[in-house]
Amino acid sequence: EERSNLCSIVFVFKIASFLAMTDSFYNHSNTLSKFCSFKPMKIIIYFSVFIHLCLFANAQLTSFEKSNGKKTATYFEIVDWYKSLAETSSKIKLLEMGPTDAGYPLQLILVSADGRFDTAGWRKKGKIIILINNGIHPGEPDGIDASMMVVRDIIKNKIKLPLNVVLAVIPVYNIGGCLNR
C-alpha cells in the first residue's frame, strides 16, 4: 500500500511536469492566465514540495499506525524512526548509554519542551523527569508503539509538554528479546 501511494504521487508529479513543460498547458486559454500567474517551473517546484511533504508526513507514522495495528516496529526500525524524528526538532535528543548484552547500545530518548538538555541543570531548576522504560519483555510492544506516538505528538505540538517536565524514554530495554521476537 505504501509503495502504491508513492507510485501514485510520482505519477501525478510526472503528469504535472509534462503539462507544465508544454505550451498548451500554460497558454491554452486566457482563463488560466487570468486566475494564476504560475510559470511552468513554479508548478514543478510546488509539486516537488507537495510530494516531499506527503512522503515526510508518512515517514512520521509508526509501523503500528501504517499497518492499522497489525504490525509493530523492529528494533532497527525503532532506532531509525527516532533518529528521523530527531532531525525534525530541537525538542528531542538521542543518547547511546553504552553496550547491552545483545551487542547494541541502549538508546535513551530525551524530550524537553524548551529544547535544553542540561541534565544537571534540570535538577537545579526543579524539573520533573519522567522515565518511560519500554520493551522489557519481547512480546509486549504496546509501550514501544505508544511512546513513539506520544514523543512524535509532543514534537509536532499535538500534545503540550509542560516546561517543568522532561521525558526520558528507553525505547527498547530488552534489545536481545526484541531482536528474537
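The model is predicted.

**Cores**

In soluble globular proteins, nonpolar side chains tend to be buried together. Here the largest nonpolar core has 22 residues. Within this core, the residues with the most contacts are Ile78, Tyr82, Ile92, Val111, Val151 and Val172. Five elements each supply at least two of its residues: α6 (75-86), β2 (105-112), α8 (142-155), β4 (165-170) and α9. The largest share, six residues, comes from α6.

What does valine 151 touch, leaving aside residues up to four places away in sequence? Its partners are Tyr82, Leu85, Ile92, Val111 and Val169. Another core, of eight residues, lies apart from the largest one. Among its members are Leu106, Trp122, Val166 and Ala168.

**Aromatic pairs**

The whole structure holds five aromatic pairs. A pair of aromatic rings is described by the distance of the centres and the angle of the planes. Two of the pairs are set out here.

| Pair | Centre to centre | Angle between planes | Type |
|---|---|---|---|
| Tyrosine 75 and phenylalanine 76 | 5.3 Å | 70° | edge-to-face |
| Phenylalanine 117 and tryptophan 122 | 6.4 Å | 65° | edge-to-face |

Tyrosine 75 and phenylalanine 76 count as edge-to-face because their planes stand at 70°, and the cut-off for that label is over 60 degrees. Phenylalanine 76 is partly exposed, at 41%. In the other pair, phenylalanine 117 and tryptophan 122 are both buried.

Ring pairs also link Tyr75, Phe76 and Tyr104 into a cluster.

**Surface patch**

With Leu179 they form a nonpolar patch. Together the three have about 250 Å² of accessible area. Leucine 179 lies in helix α9 (residues 175-179).

**Positive phi angles**

Most residues other than glycine have a negative phi. Asparagine 68 has a positive phi, near 55°. Asparagine 68 sits in the loop between α5 (63-66) and α6. Its relative accessible area is 68%, so asparagine 68 is exposed.

Asparagine 157 also has a positive phi, of about 65°. Its place is in the loop between α8 and β4. Asparagine 157 counts as exposed because its relative accessibility is 57%, and the cut-off for exposed is over 50%.

How values were computed. Residues are numbered from 1 along each chain as its sequence is written. This is a predicted model: local features need pLDDT of at least 70, side-chain atom pairs count only at pLDDT 80 or more; totals for chains, interfaces and linings use all residues. Side-chain values use heavy atoms; hydrogens and water are left out. Patches are made of residues with over 30% relative accessible area and no salt bridge: like charges are joined within 9 Å, nonpolar side chains (Val, Leu, Ile, Met, Phe, Trp, Tyr) within 5 Å. Accessible areas come from the Shrake-Rupley method with a 1.4 Å probe; for residues, only the protein chains shown count as cover. A salt bridge is a side-chain nitrogen of Lys or Arg within 4 Å of a carboxyl oxygen of Asp or Glu. Helices (H or I, at least four residues) and strands (E, at least two) are DSSP runs, numbered from the N terminus. A nonpolar core is a set of buried Ala, Val, Leu, Ile, Met, Phe, Trp, Tyr and Cys residues joined through side-chain atoms within 4.5 Å. Buried means under 20% relative accessible area, exposed over 50%, partly exposed in between (1.4 Å probe, protein chains only). Contact means heavy atoms within 4.5 Å. Rings of Phe, Tyr and Trp (its six-membered ring) pair if their centres lie within 6.5 Å; planes under 30 degrees apart count as stacked, over 60 as edge-to-face and the rest as tilted.
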